[in-house]
Amino acid sequence: MALNLIRKLVVSSLFCVTAVTASAETFVFTAIPDEDETKLVERFRGVADYLSEQLDVDVRYIPVKSYAAAVSAFRNNQVQLAWFGGLSGVQARRLVPGSEAIAQGVEDEAFETYFIANTTTAIKPTEKLSDLEAPMKGKTFTFGSKGSTSGRLMPEFYVRDTFGTKPEDFFSRVGFSGNHTRTLRLVEAGTYDIGALNFQVWEKELSDGNIDTDAVQVIWKTPAYPDYQWTIRGDVDERFGEGFKQRVTEALLNLDNPELLESFPRSGFIPASNDDYEPIRKTAEEIGILD
Amino acid sequence: MFSSPTVRTSFIFLAIALVGLLFADIAITASNPWRDLGNFFLGIVTPNFFSSEGLMTALLRTVAFAFVGVALGGVAGFLLALAYRSLPVRMFCAFVRAIHELFWALIFLQFFGFHPLTGVLAIAIPYAGIFAKVYSEILEEADPEPGRALPPGTGIISAFLYTRIPDCWVKMRTYTAYRLECGLRSSAILGFVGLPTLGFYLEASFSQGLYSDAGAMLILFYVLIATMPLWVRPKLLPVYILGAPFFLGEGLPIVWGNVQRFFTEDIVPAPLRNGEGLAGLAPWLNDLMINEAMPGIWNTIVLTQIALVATGIISLLAFPLISNHFGGPIRRNAGHVALVIARSTPEYILAYILLQLWGPSMLPAVVALALHNGGIIGHLIGRQTNTIKLRPDAPNGINRYGWELVPRVYRSFLAFLFYRWEIIMRETAILGILGIYTLGFYVDSAIQNIRFDRAMVLILITALLNIGVDTLGRYIRRKLALKTMPTC
């Protein structure tokens, strides 16, 4: 019986090995795990197919479990391109000299964070965060991932800036849900009273009818800031041939498959530069996430 | 009653845990925890084995990483055991085993990245430290008589191979096989940080509330562990060990420059790296100690002490489940299944599940640690009661439990409990990665902020704390004259 099992294992694993073995130079990219994994895998496999077609090289997407893992893989040259958030992009480009932000979503120029609250808290939506000092104080609060721009950096900045105190001291309990979808689910279920998430995730879930609007609502929107972008390593031309970076940039800017764009969700990609993310760097330094 | 040192010790620890409860953050914050728990069990009974295309590959990788990691750890541990008398070797072993597999994985991920070596070393290194300790204890206990019977002039190696090894062989084999089971658990949870083992898919399914998918993975994992006696056969072992390296997956290639960079730049404390010299080091270290290390140590200790006592209570409640002295065969078989599930599920996975269902606080961690460790100790104590012969007119039910059995097994119960003290603390620290504010939380935060210098200092502190508790545990066991065999 055991031998039989081994035989099966050997055969099945041979398939796996052959499936993974690709040509010598595979262009590998990753993305920060900011949403449910199934969605990400589906989305980025589509992107991998698209890029492979446009660039005429093998392109592979690898999923990672944390924002830091995405940054590390980029820094270690195990991936050459990444879909980063504002903060993870700044971290990555600091660590890899010569790397560049090459494209961002149309929506990423002016991104927002939504503060959402479970309706049982009876917190009323407002234009000014300072109005919420009394209603929010002592409630429970969840960020997204520790390394997220829209789920951690910006909400923490505005909490500190407005209430003059650390989130841990302002709220009775502060958690890190892991990603934006989970923040939404946890606040909707009432596990946390309040949460902060990426406005695009909220809008998309809302239009897909996945939010119980009787249970959770938006209570405040942050001012706009730059967020997600594609960042590429500076040494890709040496490895994949002259002009490769330019070709990747063009392929991303020309991406017009509506289904693929919808999955991000972005209406299209536009050029970006490292300087666009200066405000993010300053904010991160201000709250002590970046040295 | 209080004149007995074992009873006194028990009450002291109980009191510490009760005081700890006053400071601990124990709460169910989910608004509907029982509905979620219900959904989860519904998922377990309606498993979906065809959810993920990668599931079978993940299972195969889990086994492969376990075999390669345990085999390497075993060989290295055996060699270290031979030199275990030397103090530096003992200290080295104590140090490497004080750092949890997941911490090792997080370290290697920073420079080997998603290469199979990351997972293999994450298992092999701490296991080598544990193997070295246990093998050396086994070799120590070998009967010296056969060695004295040898003619003068016999080589050291021959003497070792012909007199010591035969006496220790069975014990070493049993322990190694047992360690393999631990290796499967370790291998599975490595997926939580991104290696291609079962935990990778389990985390993905759970976080999305796909309980039927998660249920299928857990069931497959239990079957894998429960059927080990069927597929782990001595004759097949060479095949597995030689074959396993080919099934680790390819991962991504190692860039060796990263290794050098990690050791010469990343882990050098920021003030030194930026040329501020020793003057800058003090405020840096001070900030780290006050804002991260101290709260982390405090929470780790509080949670460990509560979990230790909860483990003890669960063990004492659970052992009758498999004891021959109570109930019929049906209850005992059900009891066996319950305890197998409790001890086969790694604490990390149990805590992860409960955190998802009940919301974040220390409670899910305490329950997870108590269930897993209580399952292990309950199983061992239960088996021990089966060797006890009672008088035909011995009392029944609660009297039999309280007056006949518990007093007889209490000393070995305490021995197991203090043996596992250090293990519970190591797990407590690591559970911080899931969002409970123990040391692992601060290690994870430092890594998320790409501050490996801070992460390394915190891991070092965690290791020292573990070594401290291990020493204290051994001291108490010696003081109470408790003897035990190793568990993982």
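**Entry 1: the interface**

How many residues does the contact take from chain A, and how many from chain B? I found 40 residues from chain A and 39 residues from chain B, with contact meaning that C-beta atoms, placed from the backbone, lie within 7 Å.

A note on ground rules before going on. This is a predicted model, so local features need pLDDT of at least 70 and side-chain atom pairs count only at pLDDT 80 or more, while totals for chains, interfaces and linings use all residues. Residues are numbered from 1 along each chain as its sequence is written, and chains are lettered from A and ligands numbered from 1 in the order in which they are written.

Next I asked which elements build the chain A side of the contact with chain B. At least two residues each come from α1 (2-20), α2 (37-55), α3, α4, β7 and α8 of chain A; helices (H or I, at least four residues) and strands (E, at least two) are DSSP runs numbered from the N terminus. The most comes from α1(A), with eight residues. By class I noted 19 nonpolar, 15 polar and six charged residues on this side. Here Ala, Val, Leu, Ile, Met, Phe, Trp, Tyr, Cys and Pro count as nonpolar, Asp, Glu, Lys and Arg as charged, and the others, Gly among them, as polar.

**Entry 2: domains of chain A**

The domain assignment, automatic or from a database, gives domain 1 (25-109 + 226-286) and domain 2 (112-221) of chain A. Their centres, taken over C-alpha atoms, are 27 Å apart. In the contact between them, 17 residues of domain 1 of chain A meet 14 residues of domain 2 of chain A. On the domain 1 side, α3 (67-75), α4 (86-95) and α13 (278-286) of chain A supply at least two residues each.

I traced an open sheet of five strands in chain A, in the order β7-β6-β8-β5-β9 and with mixed pairing; strands pair if DSSP finds at least two bridges between them. The edges are β7 (173-176) and β9 (216-221) of chain A, each pairing on one side only. From one strand to the next the twist averages 30 degrees.

I then followed β5 (residues 113-118) of chain A, which pairs with β9(A) in the antiparallel sense over five bridges. Within β9(A), A:Val216 is the bridge partner of A:Asn118.

Which helices lie across these strands? Helix α8 (residues 180-189) of chain A lies across β5, β6 (140-143), β8 (194-198) and β9 of chain A, at about 150 degrees to β8(A). Helix α9 (residues 199-207) of chain A lies across β5, β8 and β9 of chain A, at about 95 degrees to β8(A). These angles run from 0 to 180 degrees between N-to-C directions, with axes fitted to C-alpha atoms, for helices over the stretch in contact.

**Entry 3: A:Thr231**

I looked up A:Thr231 in strand β10 (residues 229-232) of chain A. Is A:Thr231 buried or exposed? A:Thr231 is buried, because 28 other C-beta atoms lie within 10 Å; buried takes 20 or more such atoms, exposed 12 or fewer, and partly exposed falls in between, with C-beta atoms placed from the backbone. Leaving out residues up to four places away in sequence, I listed its contacts, among them A:Phe84, A:Arg93 and A:Glu100. The C-alpha atom of A:Phe74, 157 residues away along the chain, is 9.2 Å from that of A:Thr231.

**Entry 4: chain B and α20(B)**

In chain B I counted 21 helices and zero strands. Buried residues make up 49% of its 488 residues.

I finished on helix α20 (residues 439-448) of chain B, where ten of ten residues are buried. They pack against α3 of chain A together with α5 (101-111), α15 (277-318), α19 (397-431) and α21 (452-479) of chain B. The axes of α15(B) and α20(B) are 7 Å apart, at an angle of about 145 degrees. In that contact, B:Glu292, B:Gly296, B:Ile297 and B:Thr300 of α15(B) meet B:Leu439, B:Phe441 and B:Tyr442 of α20(B).

Technical notes:
Two residues are in contact if their C-beta atoms, placed from the backbone, lie within 7 Å.
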